[in-house]
Amino acid sequence: MNLRHSALAVLVAVLWGANFVAIDLGLHANGTEVPPLLFVAMRFVLVVFPWIFFIRRPDVSWRAILGVGLFMSAGQFGLLYLAMALGMPAGLASLVLQAQVLLTVLLAAGILGERPSGRQFAGVVLGVAGLAVVAVGRSMVAPVLPLIIVLAAALSWAAGNIVARQAKASSGLGLVVWSGAVVPLPLIGLSLLIDGPAAVGSTLAGLELVTILSAIYTAVLGSLVGYGIWNWLLGMYPSSAVVPFTLLVPVVGMTTAWLVLGEVPSAAEVAGGLLLLAGVAIAVLRPGRQGATPGQRRWHAQRRDVAFAGDLGDGFGADLGAADLGTGRAERTAGALAVDDADAGRLAGARTAPEADAGTRP
């Protein structure tokens, strides 16, 4: 990646990492408690409208749209917001949620029959050990229930990754917007049932400015802008060149939580977090192709199978998780065939192993 594109990837990591602090500020606005499920519904109203009128429905079944909406959006964020409302620190949440990467490897093995490699298995084991250390450290200073709920959110995200992968959508942004339409009504209904009509009504009638700004940030900057840049980068480079930047998300999340909210993790939480991140890195990163020419890199990026639009690496991040390569299958094929003659000779050797840098595929 050149310097400009690397800076954009870092920007996405910053947007996603700060997302957790924005959620925390919106949930606890000026000492008031916003019902978490209602807050998620507010966020997805902004994700869906007015964009759904301008973005075509993705080329997947309604069943896939429903599954992604329920698991990747409603389940993941409903549980995440609930955990943070119950006291899960924003920085620690940004870290623990990355367990979805490890859980996706396991679900892919059980549901899709994709046997994890020895490297992936070692990463899962190391990541689970890290989570155990975090849980022990957390239980020493606070109830562990919010931590368990965040792990449930990670499991829901992992299930959404599997649904998105099976759907093979060519437009990840379209899938984000259209599946987001599944979220508001069910979560508003659950909030009315759990929190009561009085609490929902009073919250909507007296929304604090910080809550409104938080919802706008998470929907527009965290979801639409963040994934717009991310998907564009994935359309230009192999996932193995882009995905490593997502390891910055919990680093940014914990740093911004420390600076803005004064959260200081315990020594056990830091140690467990480092183990978890090491496990994630081992599970999803592979050595990239060394010495590839720009033409070769373009060819591999253009020819990458869009069937992996919902795969592990593309789904990795702090938000909706369904990624897209930014253009349609036909456009990428046409782009691949239009490689200039100067690159043709160099590409000949690369064509024998076009998937060697598949990066984050389980």
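This is a predicted model: local features need pLDDT of at least 70, side-chain atom pairs count only at pLDDT 80 or more; totals for chains, interfaces and linings use all residues.
The axes of helix 2 and helix 8, the latter covering residues 172-180, come within 8 Å and cross at roughly 130°, and the crossing in which helix 2 passes helix 8 is left-handed. On the side of helix 2 the contact is made by Phe44, Val47 and Val48, and on the side of helix 8 by Val176, Val177 and Gly180. If we sort these residues by class, the contact of helix 2 with helix 8 has 5 nonpolar residues, 1 polar residue and no charged ones.

Let me stay for a moment with valine 47, which sits in helix 2, the helix that runs over residues 36-48. Is valine 47 buried or exposed? Valine 47 counts as buried, because its relative accessibility is 0% and the cut-off for that word is under 20%. Valine 47 and glycine 180 are 133 residues apart in sequence, and yet from C-alpha to C-alpha they are 6.8 Å apart in space; both of them, as I said, take part in the contact between helix 2 and helix 8.

The second pair is helix 1, residues 3-27, and helix 13, residues 248-261, which pack at an angle of about 45° with their axes 8 Å apart. This pair, too, is oblique, and the crossing of helix 1 and helix 13 is right-handed. Helix 1 brings to the contact Val10, Ala13, Val14, Trp16, Gly17, Ala18, Phe20, Val21, Asp24 and Leu25, while helix 13 brings Leu248, Val249, Val252, Gly253, Thr256, Ala257, Val260 and Leu261. Divided by class, the residues of this contact between helix 1 and helix 13 are 14 nonpolar, 3 polar and 1 charged.

I will finish with arginine 138, whose place is in helix 6, residues 118-139. Arginine 138 has a relative accessibility of 10% and therefore counts as buried.

Terms used:
Residues are numbered from 1 along each chain as its sequence is written. Side-chain values use heavy atoms; hydrogens and water are left out. Helices (H or I, at least four residues) and strands (E, at least two) are DSSP runs, numbered from the N terminus. Buried means under 20% relative accessible area, exposed over 50%, partly exposed in between (1.4 Å probe, protein chains only). Axes are lines fitted to C-alpha atoms, for helices over the stretch in contact, and angles run from 0 to 180 degrees between N-to-C directions. Angles under 35 degrees count as roughly parallel, over 145 as roughly antiparallel, 65 to 115 as roughly perpendicular and the rest as oblique. A crossing is left-handed if the near helix is turned anticlockwise from the far one by less than a right angle, and right-handed if clockwise. Contact means heavy atoms within 4.5 Å. Ala, Val, Leu, Ile, Met, Phe, Trp, Tyr, Cys and Pro count as nonpolar, Asp, Glu, Lys and Arg as charged, and the others, Gly among them, as polar.
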